[in-house]
Amino acid sequence: FEITQRAARTHPSAHSHSQNPSSTEMSNPISVGDLGVALASRGWKASILDDRDFCKLYKEELVDVDPAGYLKCVDGRASDAKGVQQHGPKMLGGVYGIALNRGIKTTKELEAICKEVKDAGHVPTVHGDEGGILGCGFCKLWLNDKFADEGMVNESKPKFSADDGAKTVQKAGGVVENHVAKHTEKYVILNFVPGKTFVPNGKDQRFIVDCWALGKFNLDITKYALTAAATVEKLNPGQKPCPWKAFIVTPSEPRFGPAEIVGALQGRGWSAEIQTQSRNAHQLVKVSPKGYLKCVDGRGSDAKGAQQHGPKMLGGVYGIAVNRGIKTTKELEAICKEVKDAGHVPTVHGDEGGILGCGFCKLWLNDKFADEGMVNESKPKFSADDGAKTVQKAGGVVENHVGKHTEKVVYLNFIDGMTLEPNADDQRFIVDAWAAGKFNLDVPKYCVTAAATVEKLNPGQAPCPWKAVLIVPDDHPDAPKAPACCTIQ
């Protein structure tokens with residue numbers, strides 16, 4: 001079997017809801033990984049993607065669930081539901097999916113489910129198609145007792161007919177929807193993004209199962225998932241090897257991209273703008289294997305030529321250290337090895353005044369980040385001298401910066417594998433933000449640390465004079481769009 005998973009690289013604190021995809025409580029919960037294994041063991045091809053990757057790769061779009069939306073069947077065909085009526089949660093057979101999961105048998109119990117669905121803010125539905133009320137495959141299987149011998153489902157048929165079920169739903173204020181055309185679904189979406197759904201498309205069909213809704217109705221997700229798989233298989237008997245493909249869609253971590261960073265900086269009183277790579281092509285250079293992973297400090301130094309063409313990070317390797325909360329020289333030594341293995345020369349620096357000439361290092365060693373929101377890192381257990389010796393012992397360099405600080409702008413560079421070269425005559429802080437991803441750092445924490453560093457080294461400046469320029473690829477979603485008059489047709 002085959003299971004694939006794409007995991008977003010994010011800070012450790014952001015992983016909580018990947019373990020519990022629904023914000024509501026499910027009975028007999030199962031991890032998305034175990035769900036993938038269960039499907040794969042039945043011969044399915046199961047892939048796990050977060051919603052951002054899935055929508056981008058497969059040109060899908062999540063929409064918010066609407067109060068006017070039908071709690072409707074997972075059936076991918078078109079129907080007489082229009083507009084926001086399509087924006088309700090998708091469950092097996094509509095309300096029948098809840099009914100079978102709970103083992104209900106009477107119309108009185110079905111009526112109670114419809115009331116529960118309405119109280120939860122959805123329109124209860126079942127459906128038929130052009131062939132009649134048994135045009136719902138799930139309903140047809142249930143009423144013909146096809147789940148009674150299905151392992152981990154084991155639910156016998158109810159005591160009512162399809163017509164009686166439909167009348168009960170209508171009587172309870174629900175809708176009997178009508179689906180049209182033949183089934184041509186190409187895959188199954190198992191959606192764990194709370195409060196979101198996908199819209200059926202009769203011309204490009206897929207089964208849509210909003211798994212997050214199971215928690216809303218406190219269903220047994222293991223039983224439900226196997227019921228869904230069995231439904232697809234029983235409606236397509238004899239297909240071997242099984243052709244079914246499932247995408248398990250999980251919530252992506254909260255986005256903290258260039259646009260969000262601009263907002264965060266502006267909230268601190270900064271002036272910030274996003275510029276494109278092409279606009280800055282004249283000053284971007286490729287990172288060199290000989291390049292120092294060096295401080296963002298904009299002054300001149302004893303690094304020459306290609307040595308200047310390494311990624312720029314806060315305090316050199318100290319930027320990685322603070323982000324990870326390390327405290328010992330042994331941990332610092334391990335970071336230096338990691339930097340070397342990544343193809344860069346690890347460094348820290350001082351200046352003409354000594355090893356504390358690195359403002360970032362000085363702030364850290366004097367415990368100035370301990371009370372900074374989103375940073376909250378106390379000082380390490382080693383001195384600046386011990387840190388420098390550790391870097392040298394690990395095969396790194398202690399760089400020496402010269403002159404006074406005259407930086408007038410901070411560059412946050414998101415162009416992978418590129419950097420800017422320091423210019424003592426035209427200083428600017430250079431932060432290669434892409435490198436934070438390379439070393440799996442907490443990006444929001446890193447960006448806040450960078451802003452706090454600049455502010456703490458220049459106390460009392462009000463209003464804040466700091467300006468930031470964020471450089472992004474031309475095709476980045478946050479890149480400024482050229483005016484129509486300037487677009488080459």
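The following conversation covers a pocket, a cavity and a sheet in a predicted model.

Trainee: How many cavities of 30 Å³ or more does a search of the whole structure find?
Mentor: The search finds three cavities of 30 Å³ or more. The largest cavity has a volume of about 260 Å³.

Trainee: Which residues are closest to the centre of the largest cavity?
Mentor: They are Leu314, Ala450, Ala451, Thr453 and Val454, out of 28 residues that line the largest cavity.

Trainee: And which element gives the largest share of that lining?
Mentor: Helix H16 does, with six residues. The elements that each supply at least two lining residues are helix H10 (258–267), helix H13 (359–365), strand E17 (410–413), strand E19 (429–432) and helix H16 (443–456).

Trainee: What is the lining of the largest cavity like by class?
Mentor: The lining of the largest cavity has 21 nonpolar residues, together with five polar and two charged ones.

Trainee: Let us turn to pockets. What is the volume of the second largest pocket?
Mentor: The second largest pocket has a volume of about 360 Å³. Its lining consists of 27 residues, and those nearest its centre are His183, Phe207, Thr231, Val232 and Leu235.

Trainee: Which elements give two or more residues to that lining?
Mentor: Helix H6 (137–143), strand E7 (188–191), strand E9 (207–210) and helix H9 (221–234) do. The largest share is that of H9, with five residues.

Trainee: How many nonpolar, polar and charged residues does the lining of this pocket have?
Mentor: For the second largest pocket, the classes are 18 nonpolar, seven polar and two charged residues.

Trainee: Now the sheet of four strands. What is the order of its strands?
Mentor: The order is E13-E15-E16-E14; the sheet is open and its pairing is mixed.

Trainee: In what sense do E13 and E15 pair?
Mentor: E13 pairs with strand E15 (residues 345–351) in the parallel sense, over two bridges. Within this pair, leucine 293 of the chain stands opposite proline 346 in E15.

Trainee: Which strands does helix H14 lie across?
Mentor: Helix H14 (residues 384–393) lies across E15 and strand E16 (397–402). The helix runs at about 145 degrees to E15.

Notes: Residues are numbered from 1 along each chain as its sequence is written. This is a predicted model: local features need pLDDT of at least 70, side-chain atom pairs count only at pLDDT 80 or more; totals for chains, interfaces and linings use all residues. Side-chain values use heavy atoms; hydrogens and water are left out. On a 1 Å grid over the protein atoms alone, a cavity is a set of points where a 1.4 Å probe fits but cannot get out, and a pocket is an open set with protein on both sides within 12 Å along at least five of seven lines; lining residues have an atom within 4 Å of a point. Grid points are joined across faces, edges and corners, and a volume is the space filled by probe spheres set on the points. Ala, Val, Leu, Ile, Met, Phe, Trp, Tyr, Cys and Pro count as nonpolar, Asp, Glu, Lys and Arg as charged, and the others, Gly among them, as polar. Two strands pair if DSSP finds at least two bridges between them. Contact means heavy atoms within 4.5 Å. Axes are lines fitted to C-alpha atoms, for helices over the stretch in contact, and angles run from 0 to 180 degrees between N-to-C directions.
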